[in-house]
Amino acid sequence: MRVVALFDLPTGTKKERSLASKFRKYLLDDGFDMLQYSVYTRLCPNRDVAEKHLQRVKKNAPDSGSVRVLYLTEHQFNNMHI
């Protein structure tokens, strides 16, 4: 199972850029890999672990902007068209 974090964060001010950068760094430190600049994925062995990472993303997401998380099976992820 994959956890996919998609986000669009404001970067108009120095503080906003700093918060966006800290969030991206958090995702990388938590085991996510960058798929695209604002799309990160993490492989999880089961739904319970995926839920744990969802809660961590919620806790670390900036207050402003848009952060979305979805779950994909490995089959769905591997059938992605590029």
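First, the ground rules. This is a predicted model, where local features need pLDDT of at least 70, side-chain atom pairs count only at pLDDT 80 or more, and totals for chains, interfaces and linings use all residues. Residues are numbered from 1 along each chain as its sequence is written, and side-chain values use heavy atoms, leaving out hydrogens and water.

Start with His53. His53 sits in helix H2, residues 47–60. Helices (H or I, at least four residues) and strands (E, at least two) are DSSP runs, numbered from the N terminus. Is His53 buried or exposed? Buried, with a relative accessible area of 2%. Buried means under 20%, exposed over 50%, partly exposed in between, with a 1.4 Å probe and protein chains only.

Now H2 itself. The buried residues of H2 are Ala50, His53, Leu54 and Val57. Down the axis of H2, they fall within an arc of 110°, so they line one face of the helix. The arc is that of the directions from the helix axis to the C-beta atoms. Why one face? An α-helix has 3.6 residues a turn, so residues three or four places apart point the same way. On the other side of H2, Asp48, Lys58 and Lys59 are exposed.

What do the buried residues of H2 pack against? Strands S1, S3 and S4, plus helix H1. Contact means heavy atoms within 4.5 Å.

Last, the sheet. Four strands form an open sheet, ordered S2-S3-S1-S4, with antiparallel pairing. Two strands pair if DSSP finds at least two bridges between them. S2 and S4 stand at the edges, each with a single partner strand.
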